[in-house]
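User: I am new to this structure and would like to go through its aromatic rings and its surface. Could you show it to me?

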Amino acid sequence: MSLLSRVTGNLTLAIPAAMLLGLAYGLAAPADWLQALIVPLTLLMVYPMMVNLKLRKLAEGGDVKAQLLAQAINFAVVPFVAFALGRFWFPDQPYLALGLLLAALLPTSGMTIAWTGFAKGNLAAAVKMTVVGLILGSLATPFYVQWLMGATVPVDLLAVFLQIVLVVFLPMLAGQLTQAYLIRRYGQQGYQQRWAPRFPPLSTLGVLGIVFVAMALKGGALVAQPAMLLDILVPLLALYSFNYVFSTFVARRLLPRGDAIALVYGTVMRNLSIALALAMNAFGEASADAALLIAVAYILQVQSAAWYVTLSERFFGPEPA
């Protein structure tokens with residue numbers, strides 16, 4: 001587990017390594033059989049993150065303004081910017097545009113909480129943003145995809161809903177039952193100290209497996225079009241740059257320091273694990289394009305979040321004594 005924990009702390013290296021290994025495998029051996037691993041890897045990726053999800057935070061009051069601003073940005077601004085970028089940059093590659101939209105539709109992850117903590121922001125607000133964003137994003141995604149992409153990508157609304165149930169709500173139920181059992185048996189302190197740290201590394205293993213499979217399935221096309229990775233990187237850079245600038249502007253103008261930092265990480269960090277799971281499970285064989293874009297987004301997201309921690313004091317001032 002210590003090795004997996006080190007890998008979890010070094011995703012900026014681990015994800016490119018998984019991509020390169022997947023590419024090499026896809027070029028050296030038949031990769032079609034890897035399709036059978038997608039669902040097990042998806043559940044390995046999503047279930048562990050749901051065990052530590054604190055749904056009870058929804059009942060807590062406070063930080064209402066920050067919560068409303070976060071969800072307004074997450075669902076009334078970012079998806080439409082992603083859709084416009086996809087239409088402009090990928091006019092003839094609808095599944096790459098779909099990947100960009102999926103990345104934008106599923107806000108917040110455990111990294112939202114972690115990076116808010118690193119930047120000395122309001123952790124309680126970040127936890128609530130994570131829970132609310134995950135639930136709202138899961139419910140809204142099928143409708144957004146149908147509305148915005150239905151003309152260019154075949155969208156079976158029922159199939160997408162069933163995938164949401166499979167990759168979000170069933171793991172969420174299983175995760176909450178697991179959490180309740182462990183707390184009942186070992187106590188809150190025992191759970192936090194002994195069990196809670198064990199789950200994120202398992203999720204990382206699922207992420208790396210899915211990235212490997214996506215690259216293996218896409219390896220031939222990438223070798224034939226090596227500029228494709230650069231082509232993917234440009235709109236992702238544009239999306240994340242817009243998101244950081246817009247969220248920072250809103251946060252500085254309208255919120256106190258702790259809530260402001262939580263707002264930035266609650267709107268810029270996307271739940272790429274669930275976006276990747278949906279891309280690989282809900283849209284057929286051509287969805288490897290969408291999955292590839294989301295895999296590249298992992299690298300950009302983790303790296304940019306680390307950089308933003310170093311800038312947060314400049315934007316929002318030092319932490320109050």
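Predicted model: local features only at pLDDT ≥ 70, side-chain atom pairs only at ≥ 80, totals over all residues.

User: How many aromatic pairs does the structure hold?

Analyst: There are 13 aromatic pairs. Rings of Phe, Tyr and Trp (its six-membered ring) pair if their centres lie within 6.5 Å; planes under 30 degrees apart count as stacked, over 60 as edge-to-face and the rest as tilted. The pair of Phe-242 and Phe-246 is stacked, because the ring centres are 5.5 Å apart and the planes are at 15 degrees.

User: Why are Phe-242 and Phe-246 separated by about one helical turn?

Analyst: They are four residues apart in helix α11 (residues 228-254), so about one helical turn separates them. Helices (H or I, at least four residues) are DSSP runs, numbered from the N terminus.

User: And which pair links distant parts of the chain?

Analyst: Tyr-244 and Tyr-308 form a stacked pair, at 5.1 Å centre to centre and 25 degrees between the planes. Tyr-244 is in helix α11 and Tyr-308 in helix α14 (residues 288-316), 64 residues apart.

User: Are Tyr-244 and Tyr-308 buried or exposed?

Analyst: Both Tyr-244 and Tyr-308 are buried. Buried means under 20% relative accessible area, exposed over 50%, and partly exposed in between (1.4 Å probe, protein chains only). Phe-242, at 32% relative accessibility, is partly exposed.

User: Which residues form one aromatic cluster?

Analyst: The cluster is formed by Tyr-244, Tyr-265, Tyr-308, Phe-315 and Phe-316.

User: Changing topic, what lies over the face of Trp-195?

Analyst: Arg-198 does, at 4.5 Å from the ring centre. A charge sits over a ring if NZ of Lys or CZ of Arg is within 6 Å of the ring centre and within 35 degrees of the ring normal.

User: Now the surface: which residues form the nonpolar patch?

Analyst: Phe-88, Trp-89, Leu-230, Leu-233, Val-234 and Leu-237 form the patch, with about 550 Å² of accessible area together. The elements giving two or more residues are α5 (78-89) and α11. Helix α11 gives the most, with four residues. Nonpolar side chains (Val, Leu, Ile, Met, Phe, Trp, Tyr) are joined within 5 Å, and like charges within 9 Å. Accessible areas come from the Shrake-Rupley method with a 1.4 Å probe; for residues, only the protein chains shown count as cover.

Key
Residues numbered from 1 in each chain as written. Heavy atoms only, no water. Patch = residues over 30% accessible without salt bridge, like charges linked within 9 Å, V, L, I, M, F, W, Y side chains within 5 Å. Salt bridge = Lys/Arg side-chain N within 4 Å of Asp/Glu carboxyl O.
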